[in-house]
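Biologist: I am new to this model. Please take me through its strands and one of its loops.

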Amino acid sequence: MPNHNYGLTVHWTGNRGEGTSGLTTYDRDHLVTAPGKPDLHASSDPSFRGDPQRWNPEELLVASLSSCHMLWYLGLAAASGVTVTDYVDSPTGVMTEQSDGSGQFVEVTLAPTVTIADPSMTHRAEELHAAASAKCFIARSVNFPVRHVPTTEVAS
């Protein structure tokens with residue numbers, strides 16, 4: 001089995017001149033870069049003194065789960081003869097914070113609305129979500145449930 005390696009750079013850009021001399025003396029801003037890709041401006045969640053206009057790691061985890069599921073789903077649909085004409089997901093994640101400041105995700109729910117071309121393929125289109133979930137590299141790597149509440153529509 002081949003291994004796939006992923007490399008990038010995360011550079012903290014939030015030093016206001018005093019470094020981390022106190023909890024409120026620095027910004028949580030950072031830049032995620034990789035050769036040939038646009039920079040990703042990130043920060044911590046606003047609840048943890050982050051910039052609300054930047055992506056935070058928690059959002060990126062939810063986005064990764066959604067994107068991975070979608071890509072597997074589309075591939076399985078194509079292989080199964082289900083023609084998908086549109087796919088939109090509005091995923092949500094729940095993270096529980098502990099009294100010591102640590103925390104963990106307790107679940108993510110994917111809510112894709114999938115539009116298909118042929119109404120006779122509706123049942124098959126709905127079945128493919130379980131197969132996509134079983135294949136998704138990211139979902140298989142997390143220790144919390146990734147739930148699915150899909151909606152299937154037929155293109156008009």
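Modeller: Two strands pair if DSSP finds at least two bridges between them. Strands (E, at least two residues) and helices (H or I, at least four) are DSSP runs, numbered from the N terminus. This is a predicted model: local features need pLDDT of at least 70, side-chain atom pairs count only at pLDDT 80 or more, and totals for chains, interfaces and linings use all residues. Residues are numbered from 1 along each chain as its sequence is written, and side-chain values use heavy atoms, with hydrogens and water left out.

Biologist: Which order do the strands have in the open sheet with antiparallel pairing?

Modeller: Strand 1 (residues 9-12) is joined to strand 2 (residues 30-33) by four bridges. Strand 2 also pairs with strand 3, over three bridges. Strand 1 and strand 3 stand at the edges, each with a single partner strand, so one side of each has no neighbour in the sheet. The order is therefore 1-2-3.

Biologist: Which residue is the bridge partner of leucine 31 in strand 3?

Modeller: Strand 2 and strand 3 run antiparallel, and their hairpin has six residues between the strands, where glycine 36 takes a positive phi near 80 degrees. On the other pairing, threonine 9 stands opposite threonine 33 of strand 2. For leucine 31, the partner in strand 3 is histidine 41.

Biologist: Which strands stand at the edges of the sheet with mixed pairing?

Modeller: That open sheet has three strands in the order 5-6-8. Each edge strand has a single partner strand, so one of its sides is left without a neighbour; these are strand 5 (92-97) and strand 8 (146-148).

Biologist: Which residue of strand 8 is the bridge partner of leucine 110?

Modeller: Strand 6 (residues 103-110) and strand 8 run parallel, joined by three bridges. The partner of leucine 110 in strand 8 is histidine 148.

Biologist: At about what angle does helix 1 run to strand 6?

Modeller: Axes are lines fitted to C-alpha atoms, for helices over the stretch in contact (heavy atoms within 4.5 Å). Angles run from 0 to 180 degrees between N-to-C directions. Helix 1 (residues 57-80) lies across strand 5, strand 6 and strand 8, and its angle to strand 6 is about 35 degrees.

Biologist: Is asparagine 56 buried or exposed?

Modeller: Asparagine 56 is in the loop between strand 3 (40-42) and helix 1. Not counting residues up to four places away in sequence, asparagine 56 touches Ser43, Ser44, Asp45 and Pro46. Buried means under 20% relative accessible area, exposed over 50%, and partly exposed in between (1.4 Å probe, protein chains only). At 3%, asparagine 56 is therefore buried.
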